[in-house]
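Reader: I have the model open and want to go through a few spots. Can we start?
Author: Go ahead.

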Amino acid sequence: MTTAPLSLEHIIKPSSIKQGKSPVLFMLHGYGSNEEDLYSFADELPNEYCIISVRAPYTLQPFGYAWYAIHFDNEQGKWSDDAQAIESRDKICTFIDEACTAYHLDEGDVTLLGFSQGTILSYAVALSYPEKIKRVVALSGYINERILKEGYTKNNFDSLKIYASHGQVDQVIPIEWAQKAPLLLKKLGVSHVFEEFPVGHGVAPQNFYAFKKWLEANR
């Protein structure tokens, strides 16, 4: 399918639904990757979803893209550019609106599927603007509360559902960071599932089948 000239580069797999507006699943890749990465899952996911895999806005050298910069410093170690992350959070929100209009999609049935940095942004969008998002599949990431919209705890999360998973031996994002997510989600009253798998920073086959099953059960 030919893509429309929207604010973020993307690739798209149309829904099997031919009448009316179809549900949509947006894929948000990790740091240093691109829109082709998660798109490899597209053919295995429920056919009724229009699947849009989005390229992050910042170009890295020598290749790849990022949603925000990660800086390395002798004194501070590794830290995130939260201002840039907030910009990307809002760019994703704008893109969701653009895509739903351009491709005639159901803005009331939006799912985000993120990996690593894409998960951090998926959490940020869904918890900041829960009226826009119905489901989140949060793979190998964590909640960065510093990039959530001010006053987010007062949001209505009744319609939001989240599936989160993490590798127990993840060498990039410590499992302890991910384990804080279900505690916060419970406090906010967000319906959620959190699972751990005996893998590193990646998606094991059993993890894929688990979130696919969750998606099918939460249509």
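**A buried histidine and its surroundings**

Reader: Is H166 buried or exposed?
Author: H166 is buried, with a relative accessible area of 1%. Bear in mind that this is a predicted model.

Reader: Which strand is H166 in?
Author: H166 lies in strand β10.

Reader: What lies 2.8 Å from a polar atom of the H166 side chain?
Author: The backbone oxygen of I173.

Reader: And what else does H166 touch?
Author: Leaving out residues up to four places away in sequence, H166 touches S140, G141, I173, P174, I175, A178, F194, E195, E196 and F197.

Reader: Switching to α5. Which of its residues are buried?
Author: In α5, the buried residues are N207, F208, A210, F211, K212, W214 and L215.

Reader: What do those pack against?
Author: Strands β2 (22–28), β8 (105–115), β9 (135–139), β10 (161–167) and β11 (191–197). One of them, β10, is the strand that holds H166.

Reader: How far apart are the end C-alpha atoms of α5, and what span should it have?
Author: The end C-alpha atoms are 18 Å apart. Helix α5 has 13 residues (205–217), so at 1.5 Å a residue it should span 18 Å, which agrees.

Reader: Now charges. How many salt bridges does the count come to?
Author: The count comes to 7 salt bridges. Side chains of opposite charge can pair when their charged atoms come close.

Reader: What does R55 pair with?
Author: R55 forms a salt bridge with E35, and their closest N and O atoms are 3.0 Å apart. The pair links distant parts of the chain, 20 residues apart: R55 is in the loop between β3 (50–54) and β4 (58–59), E35 in the loop between β2 and α1 (36–39).

Reader: Is E35 buried or exposed?
Author: E35 is buried, at 8% relative accessible area, while R55 is partly exposed at 22%.

Reader: What about R146, which residue does it bridge to?
Author: R146 bridges to D82, with the closest N and O atoms 2.6 Å apart. R146 sits in the loop between β9 and β10 and D82 in helix α2 (residues 82–102), 64 residues apart. R146 is exposed, with a relative accessible area of 56%, whereas D82 is buried at 16%.

Reader: Which residue meets D109 in a salt bridge?
Author: R135 does, at 2.8 Å from N to O. D109 is in strand β8 and R135 in strand β9, 26 residues apart. Both D109 and R135 are buried.

Definitions and conventions
Residues are numbered from 1 along each chain as its sequence is written. This is a predicted model: local features need pLDDT of at least 70, side-chain atom pairs count only at pLDDT 80 or more; totals for chains, interfaces and linings use all residues. Side-chain values use heavy atoms; hydrogens and water are left out. Helices (H or I, at least four residues) and strands (E, at least two) are DSSP runs, numbered from the N terminus. The expected span of a helix is 1.5 Å times one less than its number of residues. Buried means under 20% relative accessible area, exposed over 50%, partly exposed in between (1.4 Å probe, protein chains only). Contact means heavy atoms within 4.5 Å. A polar contact is a pair of N or O atoms within 3.5 Å; within protein, one must be able to donate a hydrogen and the other to accept it, and residues adjacent in sequence count only if both atoms are side-chain atoms. A salt bridge is a side-chain nitrogen of Lys or Arg within 4 Å of a carboxyl oxygen of Asp or Glu.
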